[in-house]
Amino acid sequence: MISLAGVPILSLIIFAPLVGALILALMPGENVRAVKAVALGTALVTFALSIVAVLGFHIGDPGFQYQETVSWIPFFGIQYQVGMDGISLLLVVLTTLLSWISILASFAPIKTRVKEYMIAFLALEVGMLGVFLALDLFLFYIFWEIVLVPMYLIIGIWGGPNRIYATIKFVLYTLVGSLLMLVAILATAFAYQSATGSWEGAFNLLTLQKFGFDTTLQLLCFVAFFLAFAIKVPMWPFHTWLPDAHVEAPTAGSVILAGVMLKLGGYGFIRFALPLYPQAAHDLAGIIIVLSLIAIVYGAIVAIVQPDLKKLVAYSSVSHMGFVTLGIFVFTQQGLQGAIVQMVTHGIITGALFLCVGVIYERTHDRTIANMGGLASRTPVYAAIFGFFMFASVGLPGLAGFVGEFLVLVGTFLSSPLAAGVAALAMVFGGVYLLWMFQRVVFGEPSEFLLKLGHHLTDIDRVEVLTLAPLFVLAIVIGVYPAIVLDFIQAPVHDILGQLSAPVTGAIP
Amino acid sequence: MTQNEWLAVAPFLIVSGLALLIIVVDLIWPKRPVIVTGAAVVGLVAAMIVTVAAGPIAGLNSQLPLTGQPVFGGVYIQDQLTVFLDLLFMAIALLTILFAPDYLEPRGLPMAEFTATLLFAISGAMLLAGAQDLLILFIGLELLVLPGYMLAGFAKRDGLSTEGAIKYFLLGSFSSAILLFGLAFVFGYTGTTSINGIAKALISFSNGAVIPVGLAMGLALLVAGTAFKIAAVPFHYWTPDAYQGSPTPVTGYLSVGPKVAAFALLLRLFVEALGPIRADWGLIMGVLAAITMTVGNLAALGQDNIKRMLAYSSIAHTGYIMVGLTVFAEASDPEIQAAGIQGVLFYAVAYTFMNLGAFACVAALQRRPGVTSQISTFAGLGRRAPLLGITMTLFLLSLVGIPPTAGFFGKAVIVISAVQGGGWLTVLAVILMLNAAAAAFYYLRVVVAMYMREAPDNARPVVIGALTRVGLVIAAGATIAIGLLPMITSAMLDWTMDAARSLLLGA
């Protein structure tokens, strides 16, 4: 335990990547080695800062820690206000970890415009960290939108053949949701202002969540927030941008997309939609649970028939993220804890799976499952690591993927045994698509396609092992000793459910 | 003339004097663009300083904190709103003059005539901004639009330019006539041309009483006439042709100068004079706003020519600004009414910098005669001309409304005022946001071309002149500063609110 009193640690975390991006912008782009070194260094420093924040964190203390508040636009009472609780802590560490891993994993595949790529990546990290740490609705929205632009460029410039279609689709989907959310944010703030007569605190999450909004406003604003977050998660039927974006994105883009950006939606539900509009959340929970179950089943079934490795993992994300929304909206302690753990473990495991797909793509320039086969005999180390993460994703007990899904199932069972039954059934499909894919890719005789590659088909190299090693360790540690993450979220989960159970309504006529 | 009268019209006199001076300079030293541009820049900066300084001297801030004193028997006023708009118009002129030489000189188009014509137009806008009498308002308007027709046809050997100018001239003249007809009806009913007098005469209708048929006729004519001027649907048909045909720096000016000035006209005419009968024009303004932004964006989606695309997009932005006016008309709380006007003014500032900047990027690219404004021209620009690529991306993101840019705050301020208005104004805000999302599609197509497509093999290097560089940096700096720097954002919010209040207090 270290003391961080008086240190603006959260601002340091958020803006460290920005400093790195500015340094990169001023550097000559020709010196690719130096560019890569600065980018990786920045990401590692940010990671180290987030670890410092973890060490100074008081587990079990209620509320937000390391709070910083600076007046920003006094006209509307908008503040630069950041703070961290156990939930944001886990997601911040996930972000900073996956960011440096992604940057390291980009060293070999990204050959053109390296400097611009690294700047975009660091800018992306700023936005994601800001979303997880903002406590002011306006600030949150700004970070939320900032995330959009670098990802648009990363997919659009460094992506695959159909990248432009994919990236425009990604932007339009996300933008429709987020712009309506802006209207909802402003309406919420104004409802507060007209009731209290002052803009002071009108965008402050901590003030607003104590304020009971009238039911119509709750319903309309919740729907707007829901749309923004459901598109980001993505929930069925708002998911169609995801497979396209994943297939076209470069490997590291996919890692961040699946590992962190999908969590922005889940985090948004937990941090903003539930506490601000508890009544509406209760009223609409039934629909959202049904949509989540559809996502779980649909994602798993569609994944079975995917011919492309990346598409398969993308649809598996739809299924796995269904557990997150399911866990959130059953409103039980286990469910919410499970949802948060599932977000973290999905980030770790799916990030790793995309890295594994990237490894094979680097060597074959192909991701078609039908072309693969017999990798076990040609690249044994790679096959073992790939298998490990595949089993983690299936949800093998003792590995990280099990913890979240199990907790969500328990939490769901307490509230609706039927829903729990459907979700449990869907987990079987999860086993089917991953195991069948693994069998076709790794076992059997080496395929014609792979044999043609000859000595180009090398086993996993040291840098690639380095990118996967931390995820490997975490997948085991969280699986064996889940308390390492559960301890952090005990207090905030209790707080959030406490607010939900006693919804105050009708304060505004 | 008293001291106050001199001070009130000083900015107007300086700018129109500057226009005359440039004609004389060009007679003495013909074809010296450097002298012309230098004189115009120095003169405009001087006029801006005088505008800022004249207010406190005239007692603007000490005795009457927000409203100025009407001068010349109450026909002109230098209040906070006039000061605000004057500065904005001069900024538009300044940026246009910085962007123009790169485009005009290679085509052999005379700089001096261009500058003088532009300055006359701007002086018209400034006259209009402070008008307190219908006749001054109309004279200001004509002084604004007549040079505009000349500028549209400035490339007189270019068929498209001439065609666009003729369309612009004919429809512009019709709309001026319609507007004048409407003014006559209003005069007929109120017996005065004074804006304050009209407001006083109409005050008996402010409780929602039915207005007489003749006044309603006048109102309809005024709505149609001004809708032409701001290019609101369905009176927008002249816009794409006029914008596409005009020389690109002129297009930039036309998309910003006359549009902001027409909104100044709306503020003086509809808010200040016809404010008491706002219940009668609020709904039509709201419906026009919704149609205008939707049609503008839908039409822009299919354009392959960037000038034409930006022309339709400027129609959409007209719709966004009209939402602010609708909020004024429909809200009952004076604070919310002021917030609506604040939205209009804030958006006007954001729109000025981002739209002028975007057109300047197109103009810079077209420096070499013969380069078209097709979207394919932008292929690979991000690598061929990094400065153009980055600034154009910034302007386009601001036009979409992505934070932290001026365009984002512009939309936020308008939407927040609409949400405050409540009821169907909230629906209008939602329509605005859905439009903004749809608009992202065509703006981002340009970014796609610049960064995600390779330049054709025969692409020649893009050379940007020093003046254009300065102008781009100013426009981009303003676009980002208004969005990113808290002090500037707050100052702009306060300033636009003061200007809005000064208008409403005067009304």
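Guide: Glu68(A) faces Val82(A), a residue of β2(A), across the strand pair. The model is a predicted one, in which local features need pLDDT of at least 70 and side-chain atom pairs count only at pLDDT 80 or more, whereas totals for chains, interfaces and linings use all residues. Residues are numbered from 1 along each chain as its sequence is written, chains are lettered from A and ligands numbered from 1 in the order in which they are written, and side-chain values use heavy atoms, with hydrogens and water left out.

The pair consists of strand β1 (residues 65-73) and strand β2 (residues 78-84) of chain A, which run antiparallel and are joined over six bridges. Pairing requires at least two bridges found by DSSP; helices (H or I, at least four residues) and strands (E, at least two) are DSSP runs, numbered from the N terminus. Four residues separate the strands in this hairpin, where Gly77(A) has a positive phi near 65°. A positive phi, about 55°, also occurs at Tyr66(A), which is not a glycine; Tyr66(A) belongs to strand β1 of chain A.

Because Asp85(A) sits in the loop between β2 and α3 of chain A and Arg271(A) in helix α10 of chain A, the contact ties together parts 186 residues apart in sequence. A salt bridge here means a side-chain nitrogen of Lys or Arg within 4 Å of a carboxyl oxygen of Asp or Glu. Over all chains, the structure has 13 salt bridges.

A pocket is an open set of points on a 1 Å grid over the protein atoms alone, where a 1.4 Å probe fits, with protein on both sides within 12 Å along at least five of seven lines; lining residues have an atom within 4 Å of a point. The volume is the space filled by probe spheres set on the points, which are joined across faces, edges and corners.

The lining of this largest pocket comprises 50 residues, with Leu18(A), Leu22(A), Ile119(A), Ala123(A) and Ile480(B) nearest the centre. Helix α5(A) supplies the largest share, ten residues. By class, 38 of the lining residues are nonpolar, seven polar and five charged, where nonpolar covers Ala, Val, Leu, Ile, Met, Phe, Trp, Tyr, Cys and Pro, charged covers Asp, Glu, Lys and Arg, and polar the others, including Gly.

The second largest pocket has a volume of about 570 Å³. Among its 31 lining residues, Pro109(A), Ile110(A), Trp158(A), Gly159(A) and Pro250(A) are closest to the centre. Two or more residues come from each of α3 (86-106), α5, α9 (241-248), α10 (251-276) and α13 (333-364) of chain A, and from α17 of chain B. The largest share, four residues, belongs to α13(A). The lining of the second largest pocket has 15 nonpolar, seven polar and nine charged residues.

Finally, the loop between α8 (215-232) and α9 of chain A contains Pro234(A), and the peptide bond from Val233(A) to Pro234(A) is cis, with omega near -15°. In chain B, a cis peptide bond joins Val233(B) and Pro234(B), with omega about 5°.
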